[in-house]
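Open the model in your viewer and keep the selection tool ready.

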Amino acid sequence: MSLPRAIFAALFDDAAVFPPGNSPLDAAVANHRRLRRSSYADLVGPLLLPAAAIPAAADLAGLADIAADPLPPGGATRDQSPEDEAEQDDGPLGVAVIARLGADLTQLVAATALAHNDPRLDLHGVELGWQDDWRELDLQAPAIVLELPRGTEQALALTDIATAIAQDEVPGRRHLAKFRTGRTETWDWPAERELAHVIQDAIAMEIPLKLTGGLHHAVRGTLADGEHHGLLNVLACVAAARVGRPVDALAAILAQRTPDPLIASLASLGPTSVTRLRADFAAYGCCDVREPIGELTDLVVLEGDR
């Protein structure tokens with residue numbers, strides 16, 4: 001059963017340079033260019049880069065193909081044709097500037113201004129950890145994404161982001177909340193119920209949500225390093241939260257380990273619901289976007305071509 005391709009449009013932000021991918025910058029830029037001219041280009045969002053990498057990324061933008069790694073056989077790019085390879089991507093490199101918690105925000109502001117003003121780059125947004133003085137930063141970006149903390153400050157952060165959405169006077173600028181679904185040295189995997197609460201709260205407050213980390217696979221499963229949330233689970237959960245399903249039902253959707261019920265629920269969405277789903281769940285960062293796209297291809301759910 002195939003799903004509308006609009007469900008996955010620009011869903012996969014390319015976080016190749018971040019752990020666990022840790023791709024060298026030149027290879028990441030080159031391979032992002034190749035993804036942007038493949039038959040899956042419409043599914044791929046910007047290249048996510050730390051502030052320190054922005055000057056070098058601008059210099060590399062016109063030299064991307066020189067350092068490109070060979071794309072592996074099979075997986076997300078197995079149907080790429082010679083015509084795809086010949087199609088050049090000479091436009092500006094789409095990027096978002098990322099600052100993890102504790103990063104130098106002075107450097108973030110400077111890198112964002114550089115990306116905003118450099119014609120070799122197309123700035124999609126800036127992402128940083130939420131803090132109560134974030135509005136004092138001069139962030140020249142079309143989207144500001146604020147990573148949510150855990151614990152008692154999470155509700156404060158969500159309220160603050162909702163207020164920013166209501167009060168922002170910059171035309172067209174978006175504010176989003178971001179939540180980490182993968183494990184780091186200081187952040188454990190969020191269980192189904194915790195993630196369900198975050199999704200439910202964001203939708204109740206009309207805050208677009210972005211996810212990051214650990215969301216590599218189409219369906220929830222147990223891997224060597226722990227439990228992994230599934231992309232289809234998250235999409236189905238967001239759709240269910242929008243129509244008011246309780247948190248227990250949302251957690252059950254996130255716990256589902258077979259794809260068929262998830263695919264069936266998403267296939268039942270009409271065009272308006274699909275648009276609403278993607279307004280609620282804007283994107284997520286993945287260190288190898290070919291993994292989830294390849295699994296979706298194997299499940300034969302990607303409808304049509306770009």
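Start by selecting Arg-242 and Asp-280. They form a salt bridge, with the closest N and O atoms 2.8 Å apart. A salt bridge here is a side-chain nitrogen of Lys or Arg within 4 Å of a carboxyl oxygen of Asp or Glu. Arg-242 sits in helix α7 (residues 231–242) and Asp-280 in helix α10 (residues 271–280), so the pair ties together parts that are 38 residues apart in sequence. Helices (H or I, at least four residues) and strands (E, at least two) are DSSP runs, numbered from the N terminus.

Before moving on, note that this is a predicted model: local features need pLDDT of at least 70, side-chain atom pairs count only at pLDDT 80 or more, and totals for chains, interfaces and linings use all residues. Residues are numbered from 1 along each chain as its sequence is written, and side-chain values use heavy atoms, leaving out hydrogens and water.

Is Asp-280 buried or exposed? Asp-280 counts as buried, at 5% relative accessibility. Arg-242 is partly exposed, with a relative accessible area of 27%. Buried means under 20% relative accessible area, exposed over 50%, and partly exposed in between (1.4 Å probe, protein chains only).

Next, select Asp-13, Glu-127, Glu-147, Lys-178, Arg-180 and Lys-210. Salt bridges that share partners join these residues into one network.

Go on to Glu-194 and Arg-150. Their side chains meet in a salt bridge (2.8 Å, N to O). Glu-194 lies in helix α6 (residues 192–204) and Arg-150 in the loop between β5 and α5 (153–167), so this pair links parts that are 44 residues apart in sequence. Glu-194 is partly exposed at 26% relative accessible area, and Arg-150 is partly exposed at 29%.

Then pick Asp-168 and Arg-173. Their closest N and O atoms are 2.7 Å apart, in another salt bridge. Asp-168 is partly exposed, with a relative accessible area of 22%; Arg-173 is partly exposed too, with 26%. How many salt bridges does the structure hold? It holds 18.

Last stop: select Asp-132, Asp-133, Glu-136 and Glu-153. These residues form a negative surface patch. Patches of this kind join like charges within 9 Å, using residues with over 30% relative accessible area and no salt bridge. Zoom in on Glu-136, in the loop between β4 (121–129) and β5 (143–147). Glu-136 is exposed, with a relative accessible area of 68%.

Conventions:
Patches are made of residues with over 30% relative accessible area and no salt bridge: like charges are joined within 9 Å, nonpolar side chains (Val, Leu, Ile, Met, Phe, Trp, Tyr) within 5 Å. Accessible areas come from the Shrake-Rupley method with a 1.4 Å probe; for residues, only the protein chains shown count as cover. Lys and Arg count as positive and Asp and Glu as negative; His and the chain ends are not counted. The place of a charge is taken as NZ of Lys, CZ of Arg, CG of Asp or CD of Glu.
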